[in-house]
Amino acid sequence: SDLMVESTSAPTMERLSGATYWLTGLSGAGKSTIAEAAKVYLDKALGNTTSVFCLDGDVIRQGMNKGLGFTAEDRAENIRRVGEVSKLFNQAGQIVFCSFIAPEAGPRAGVLATHAKANCKFTETWVKAPLEICEGRDPKGLYKKARAGIIPNFTGISAPYDEPKGDNVLTINTDGKSVDECVQMLVNDMIKRSEEHTSELQ
């Protein structure tokens, strides 16, 4: 479906480059769904399929971070590595969507610092939904396993989630919103930040 996005003038869309959006939130909140839908929308708007890249927790753990488990140390290292990779894509001018629960504020702050040091645009994006909604969706059956004690240290059930704080956080509440509406919020934020960044450079 066609999205109604504010100020989609071609020059504005063409200026969209070199940005990392880190989508954090509970399992089932809609992180990967929004990232993938935003890529489809931006691929069409930008006229190519190579400007936008999605880094997803499940995919990364099958490859680059295959040897890492789910201890606090391993989770932090998982996030650190993804942060470094997303920074490289960002420096190459690509838009990167990282979909990771990343429950602890410390490692997320580390990724922000890595990007800031390299002068790369970074937006922490809280994909927010109540626990009961996420558990109701449960696309991978993980909550069921967590409740049964099969999966220990499961974020939201047996492990905490540090909610993102600060003025620069983009919050997308997926409860009661369509995927298109969520993508619209993300793209509008991207255009806004791109325009602010451009005016700062002038």
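How many disulfides does the count come to? Zero, taking a disulfide as a pair of cysteine sulfur atoms within 2.5 Å. Keep in mind that this is a predicted model.

While you're on cysteines, select Cys 120. Its relative accessibility is 11%, so this residue counts as buried, the cut-off being under 20%. Now jump to Cys 182: at 2% relative accessibility, Cys 182 counts as buried too.

Next stop, a pair of helices. Select residues 72-91, which form helix α4, and residues 105-117, which form helix α5. Look along the two axes: they come within 9 Å and cross at roughly 25 degrees. Because angles under 35 degrees count as roughly parallel, that is the label for α4 and α5. The crossing of α4 past α5 is right-handed.

Want to see what touches what? On the α4 side, show Ala 76, Ile 79, Gly 83, Glu 84, Ser 86, Lys 87 and Asn 90.

Last stop: Ser 27. Look for this residue in the loop that runs between β1 (19-24) and α2 (31-46). Is Ser 27 buried or exposed? With 9% relative accessibility, Ser 27 counts as buried. To see its surroundings, skip the neighbours within four places in sequence and show Ile 101, Cys 134, Leu 142, Tyr 143 and Phe 154, which are in contact with Ser 27.

Notes:
Residues numbered from 1 in each chain as written. Predicted model: local features only at pLDDT ≥ 70, side-chain atom pairs only at ≥ 80, totals over all residues. Heavy atoms only, no water. Buried < 20%, exposed > 50% of the residue type's maximum accessible area, 1.4 Å probe, protein only. Axes fitted to C-alpha atoms, helices over the stretch in contact; angles between N-to-C directions. Helix = DSSP H or I, 4+ residues; strand = E, 2+ residues; numbered from the N terminus. Parallel < 35°, antiparallel > 145°, perpendicular 65-115°, else oblique. Left-handed = near helix turned anticlockwise from the far one by under 90°. Contact = heavy atoms within 4.5 Å.
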